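Subject: Structure handover and notes

Hello,

Here is the structure for your files. My notes on it follow below.

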Amino acid sequence: MKQLFLTLLFAFGVCSLFAQDVTRMDSLTQVLSRQADSIPALKEKVDISVSGTSLKEFLRAVAEMHDLNLSLDNIPPYQITNNFENVTIEELLVFVCSSYQLEIKFLKSIIILYPIEKPTSVAFEYNRRDDLISFHLAGDTLKHVAKAITDSTGYNLVLSQDCRDLVVHGFIKQLPFEIAMEQFGVSNGLVVEKKQDRVFHISPDVPETMAQVEGQTYNNQNERRGTRRVSSRRNNGYAGGGGFSFEKSPTQPDKLNVDAEGVSVIEAIKTVSKDLNKGYFFLNEPKGNLDCYLVNVSFDDFLNVALSSANPQFSYSIRDEVYVIGDPKNLDIYESHVFTFRNRSVEKVSESIPAAMKSDVEINEYPELNSLVLTGSEQRVNKLRSFLEQIDKPVANVLIEVMVVVINRGASLETGISAGIADSIPPTQGQVFPGLDMTLNSESINLFLDAIDRRGLINLGQVTPNFYATIKALEQASYLDLQSTPKLSTVNGHEANLIIGSSVYYLIETQNVTGGVNPIITRTPRYEKVEANLELKIKPFVSYNEDVTLNIAFESSDFIDPTVEGAPPGNSTRKFDSKIRIKNEEMIVVGGLEQESTSESSSGLPVIARIPVLKWIFGRNSRTSTTNKLLVFIKPTIVY
């Protein structure tokens, strides 16, 4: 049961680690691609074959051939055996980081590789009675594995200093402890020696002679070709231990070429400073060793790499051409600098600074001077100044011209004769021109009938006194073309808001009755407001090629006649949100609404109202058609 549990735990852990590693490699690939613009060597091709070579020596050789500034601090003594054909250095670094659990960070043009600190996930089982051990290891560091095994088995695993951070793998099932340790060492390039009872010493298995880098072709600017021997540099008598050499760049006298392997950080700084006649003073002595290969770097860049190797928190300040080096918490290396913005406002800039850059730097805002006062170590202040210089760029103003076009068209036609009897005699009234809309009472109609009778044409008789007739032949047309052309200006990335509208007030009367023998009625008038607005919100974003992306929110409302007598006026609303991309000074339609409606109605005597000619005499017909259009045009113009 325990074995099944361990197997399932191992499988789950491998799947999780694989998914995390894929995500990490995708992120690392994107970072290297962005840095390739400033470090062109990352795109150079490599053809190289290695076997049993130290990873440090291999990367150092690649860096030297391609003029890369590469720092290899604290990398465990991994060995690499592989064949690379027609791959870029960028792809090579991604492979190395994925295979050996390394991470990359950049310090200007310097590439720093360092191991990832991972918590131990050792899963093993030990049978003390039979001295049998089983374990699954997947990407654990040797120091964590040794501690877990020592705590659980009672065997003491003593590690040499240069293999403590080695990432190890292995699968052992039910083997005696001594045999299991021997196989574990073979599979991970380690030598496991039994020193005494229950004490084992573990050290890296490094061959005396290093393999040759075979068949590599370099296509850099010097066209260096052929093979190169990668050899381990021994202590050359340098006081700091390890291997160390540097020289002034032959092409740039103020630049350095530095090659260091396992050298004391403090001794490296002392040696370079004395040779370059740079004054220095240590407030705190940096610890640790330096592994790097740097080409054409300044003394300050070298100092940054060296201090990063010793303690990432260490910094320096320059006082009268003397480098004061130590912990930035020491006020002796603090300085204050006033950074004045030339192209933008200081308002809210401190909120945009990354938290990592603000660490250990005090930032005070002075709106009166349009400046920030930066207080901290010179190194961190200079990094922050460099960032502020990058964002202190001229910001474009955007003039936005908006044209809102409203077109309303309407037409109506009403014809027919209607007649009936009213309770009282209606008056004769209406209009004859420009359209016919007349109501005739019985007197007018009888006068007309008498005139026909006197002429002897026909005798139609008389109508009753309460009879009336309405004759209609009326055609109406309407056309409205309304254009509004508001203009807005705003700074790139900030919203502009425009509201144009009108208000209508309507009366609401409240009646209160006060009780008593003689009730008193009190009426209180109150006026309420109804608004109809044209509201426009636009936020522009200007790209590097002067294309403009606009976030648009548009809302237009109009008054309409109330549907109930005495009610407040109604309100019709048109609204849309949009995001568009448009070239500078071009016009585009960003929204529109076209609405057409047609209605017809007729009434008359049955059957007769359907006859084409008679229905116009013995019926009543109406036809109405309307067309409404709303179009919104926008034209952005960039103004510096």
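The largest cavity has a volume of about 40 Å³. This is a predicted model, in which local features need pLDDT of at least 70, side-chain atom pairs count only at pLDDT 80 or more, and totals for chains, interfaces and linings use all residues. Residues are numbered from 1 along each chain as its sequence is written, and side-chain values use heavy atoms, with hydrogens and water left out.

The structure holds 3 cavities of 30 Å³ or more. A cavity here is a set of points, on a 1 Å grid over the protein atoms alone, where a 1.4 Å probe fits but cannot get out; lining residues have an atom within 4 Å of a point. Grid points are joined across faces, edges and corners, and the volume is the space filled by probe spheres set on the points.

The largest cavity is lined by Leu59, Val62, Ala63, Leu68, Leu70, Ile89, Leu92 and Leu93. By class, that lining has 8 nonpolar residues, with no polar and no charged ones. Nonpolar covers Ala, Val, Leu, Ile, Met, Phe, Trp, Tyr, Cys and Pro; Asp, Glu, Lys and Arg count as charged, and the others, Gly among them, as polar. Helix 2 (55–65) and helix 3 (89–100) each supply at least two residues of this lining. Helices (H or I, at least four residues) and strands (E, at least two) are DSSP runs, numbered from the N terminus.

Helix 2 is largely enclosed by the rest of the structure, because 10 of its 11 residues are buried. Buried means under 20% relative accessible area, exposed over 50%, and partly exposed in between (1.4 Å probe, protein chains only). The buried residues of helix 2 include the charged side chains Lys56, Glu57 and Arg60. Just after helix 2, Asp67 takes a positive phi of about 55°.

Salt bridges

A search of the whole structure finds 12 salt bridges. The criterion is a side-chain nitrogen of Lys or Arg within 4 Å of a carboxyl oxygen of Asp or Glu.

Lys43 forms one of them with Glu90, with the closest N and O atoms 2.9 Å apart. Lys43 lies in the loop between helix 1 (2–35) and strand 1 (45–54) and Glu90 in helix 3, so this pair ties together parts that are 47 residues apart in sequence. Lys43 is partly exposed at 46% relative accessible area, whereas Glu90 is buried at 6%.

Glu178 and Lys194 meet in another salt bridge (3.6 Å, N to O). Glu178 is in helix 5 (residues 177–187) and Lys194 in strand 10 (residues 190–196), 16 residues apart. Glu178 is partly exposed, at 44% relative accessibility, and Lys194 is partly exposed with a relative accessible area of 44%.

Lys487 and Glu401 also pair, at 3.9 Å from N to O. Lys487 is exposed at 56%, while Glu401 is partly exposed at 23%. Salt bridges that share partners also join Lys56, Arg60, Asp259 and Asp291 into one network.

Backbone and surface

Most residues other than glycine have a negative phi. Asn277, not a glycine, has a positive phi of about 60°. Asn277 lies in the loop between helix 6 (265–275) and strand 16 (279–282) and is exposed, with a relative accessible area of 72%. Glu585 likewise has a positive phi, near 65°. Glu585 is found in the loop between strand 31 (570–583) and strand 32 (588–604) and counts as partly exposed at 49% relative accessibility.

Tyr505, Leu507 and Tyr527 make a nonpolar surface patch of about 380 Å². Patches are made of residues with over 30% relative accessible area and no salt bridge, with like charges joined within 9 Å and nonpolar side chains (Val, Leu, Ile, Met, Phe, Trp, Tyr) within 5 Å. Accessible areas come from the Shrake-Rupley method with a 1.4 Å probe, and for residues only the protein chains shown count as cover. Leu507 sits in strand 28 (residues 496–514) and is partly exposed at 45% relative accessibility.

Regards

Conventions. On a 1 Å grid over the protein atoms alone, a cavity is a set of points where a 1.4 Å probe fits but cannot get out, and a pocket is an open set with protein on both sides within 12 Å along at least five of seven lines; lining residues have an atom within 4 Å of a point.
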